[in-house]
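Here's a quick briefing to keep beside you while you look at the model. Have the viewer open and follow along.

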Amino acid sequence: EPNITELVVGPLPRPAYHRDVTVRKYGGKVPYHRRPTLAAEYKQIGGFLKSRVFPSAPAFMQQVMEYDGANLAMVTAAPRGFQSGDRVTWFVLFQNVSGFFLHPVGLEVLVDHSSLDMSEWAVSRVFYNGQYYRDMVQLESAYVQGRLSVEKVRKAPQDGDFSSMKPRAPAAAPFPLQFEPQGPRYRVRNNQVLFQGWSFAFGMSVSRGLRLFDIRHKGERVAYEISVQEALSVYGSNCPAGMSTRYMDGSFGLGRYTSPLVPGVDCPYLATFVDTLSLSDSLRPEKRKASLCIFEQNLGSPLRRHYSNLQSLYYGGLVNSALVLRSITTVGNYDYVWDFIFYQNGALEGKVQATGYPSSSFLHGDGLRYGNRLWEHTLGTIHTHFVNYKVDLDVAGVKNSLVAHDMVFEMAQAPWSPEQQIERPRLTKKVLDTEDQAAFLLHSKMPRYIYFAANSKNKWGHQRGYRIQITSSAGDHIPEASSMERALSWARYQLAVTRRKEEEPTSTSIYNQNDPWTPTVAFADFINNETITNEDLVAWITAGFLHIPHSEDIPNTVTVGNSVGFLLRPYNYYDLDPSIYSQDGVFFTSEQDFTACEINPLACLPKTASCLPNFPPFTFDGFRNM
């Protein structure tokens with residue numbers, strides 16, 4: 001009997017047992033139709049199209065598509081149907097050239113591959129240039145009889161022409177490089193990192209991607225786990241595949257498709273590069289060389305500063321130098337740059353930047369209602385990006401409460417002039433007692449200061465806390481009336497705080513992509529009005545943005561403006577800013593010799609940074625063993 005089985009293997013690092021946890025984890029068997037689509041199945045579908053489908057329309061394929069068996073590439077839509085049990089997928093055909101995502105040819109085929117007997121696979125529908133046909137035989141008949149509206153696409157060169165990423169200008173003076181005058185100021189040992197007051201462990205989930213554990217600052221744990229959960233894209237189009245696509249990239253594998261990194265572009269040239277391993281689609285783990293990088297980055301601006309020209313004359317400041325942990329996932333056309341950034345003031349940032357190729361449909365009819373024209377036959381299709389994070393904060397201990405601070409204006413009489421009124425800002429405070437109160441829908445008003453509060457207090461009598469600050473421009477994820485919305489219900493909320501439970505480890509499931517109508521994990525069920533005062537809590541954060549592809553997305557979408565995420569910032573956690581103890585601080589007065597090294601470390605730079613380090617030869621292993 002075909003089955004989905006999940007095994008726990010342990011103990012690490014030398015496993016001695018494996019246990020089937022499927023029933024305990026999901027309350028029963030997971031239906032086989034929910035399985036993610038693996039490479040073997042895509043290969044079988046490609047063979048089905050090539051050997052059984054395309055030959056049934058020989059004249060059309062030869063004269064219109066100029067098909068030679070290798071000049072077409074296909075891209076899958078998902079989910080696959082309209083109800084549980086369906087495994088019926090639209091495949092879009094493109095010219096098989098560099099940047100093929102921008103070269104649709106107008107042909108899309110709906111394949112029913114639900115049967116485990118491939119001889120029973122069939123074409124359910126065919127779409128070409130705005131018209132639907134029962135199958136390729138009917139399409140061929142319409143073409144031969146002259147009843148087909150043909151839009152012949154000009155054959156693109158192998159480099160893709162307009163979609164080529166080859167630079168259009170010759171190389172000139174090199175761009176600025178960053179280096180560490182006395183070597184790295186961070187340490188990496190296996191999967192543990194030490195930097196200034198920070199320490200943490202990192203890992204890579206095959207499905208969910210980059211994750212952190214045991215994050216500490218000044219030796220005290222701030223968070224138990226911070227991890228990516230899911231990346232969702234919802235598309236619109238007047239072509240069938242485009243209009244039905246809701247990609248849940250965790251099902252494809254945010255860790256599985258982590259990309260080898262290019263020194264000097266993806267990460268600074270002198271970053272520390274780490275290999276990652278994943279087990280997917282094979283019996284042996286696959287090593288991705290240099291697929292994760294760690295580096296300290298001078299952000300080119302002060303973390304804090306003040307120039308005093310009143311009373312006393314002095315300057316004090318601190319360069320904003322932070323540690324970055326990065327991986328980049330390439331899932332089909334899109335590249336996601338995942339960063340966790342550690343600042344010297346105890347703040348931590350999670351950020352994702354989107355780049356890669358925009359997805360496209362064949363431009364026909366009323367296509368401009370669903371995007372912009374990017375080339376002769378290319379419609380850049382409107383779509384959203386939503387990203388979900390799990391943030392398991394432990395602020396000065398496991399037991400925390402959720403507190404909201406904000407501001408209102410109050411009218412007050414001026415004490416020195418009672419006949420006059422002043423509109424003065426006043427602090428508002430509220431403890432959010434239940435999960436329902438702590439679930440903020442995307443368009444609801446959320447307090448501007450919301451933080452995990454500890455039971456302990458700082459020197460000034462305030463509860464020690466870490467504030468959650470979200471950077472996002474997310475709109476609607478999908479109408480709640482949709483039959484598949486519960487599978488995406490984590491995206492209802494910009495922030496939801498729940499009790500931490502071992503049986504709620506993730507906000508979604510890899511099985512939701514191919515059966516969103518009966519979701520294996522529905523995040524909305526996590527929120528059931530339980531009390532969250534003085535409990536072990538988890539924050540689930542959603543950030544997102546709308547992308548309407550435009551001509552400047554050719555050949556590639558840029559990261560500028562396509563970045564969202566969150567910040568975790570100490571809020572009365574310390575008695576003062578911990579960065580005051582940074583060895584990078586600068587302070588001098590008008591009465592001091594600020595050209596002397598012992599007064600001002602910046603004065604030493606001409607000496608300490610007088611020699612460039614030896615840059616190692618460029619290496620890249622991204623094209624091996626593909």
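The UniProt annotation "modified residue: 2',4',5'-topaquinone", from an unreviewed entry, covers Y334; such annotations may be inferred rather than shown by experiment. Keep in mind that this is a predicted model, where local features need pLDDT of at least 70, side-chain atom pairs count only at pLDDT 80 or more, and totals for chains, interfaces and linings use all residues. Residues are numbered from 1 along each chain as its sequence is written, and side-chain values use heavy atoms, leaving out hydrogens and water.

**Around Y334**
- You'll find Y334 in strand β17, residues 334–342 (strands are DSSP runs of E, at least two residues, numbered from the N terminus).
- Y334 is buried, with a relative accessible area of 2% (buried means under 20%, using a 1.4 Å probe and protein chains only).
- Beyond its neighbours within four places in sequence, Y334 is in contact (heavy atoms within 4.5 Å) with residues including Y235, H383, H385 and H547.

**Domains**
- The protein chain splits into domain 1 (3–33), domain 2 (35–163) and domain 3 (227–571), with bounds from an automatic or database assignment.
- The C-alpha centres of domains 2 and 3 sit 36 Å apart, and their contact takes 38 residues from domain 2 and 36 residues from domain 3.

**The largest cavity**
- A cavity here is a set of points on a 1 Å grid over the protein atoms alone where a 1.4 Å probe fits but cannot get out, and lining residues have an atom within 4 Å of a point.
- The largest cavity is lined by 14 residues, with H103, V153, R154, F162 and W375 nearest its centre.
- Domain 2 and domain 3 both give residues to that lining, so the largest cavity lies between them.

Conventions: On a 1 Å grid over the protein atoms alone, a cavity is a set of points where a 1.4 Å probe fits but cannot get out, and a pocket is an open set with protein on both sides within 12 Å along at least five of seven lines; lining residues have an atom within 4 Å of a point. Helices (H or I, at least four residues) and strands (E, at least two) are DSSP runs, numbered from the N terminus. Buried means under 20% relative accessible area, exposed over 50%, partly exposed in between (1.4 Å probe, protein chains only).
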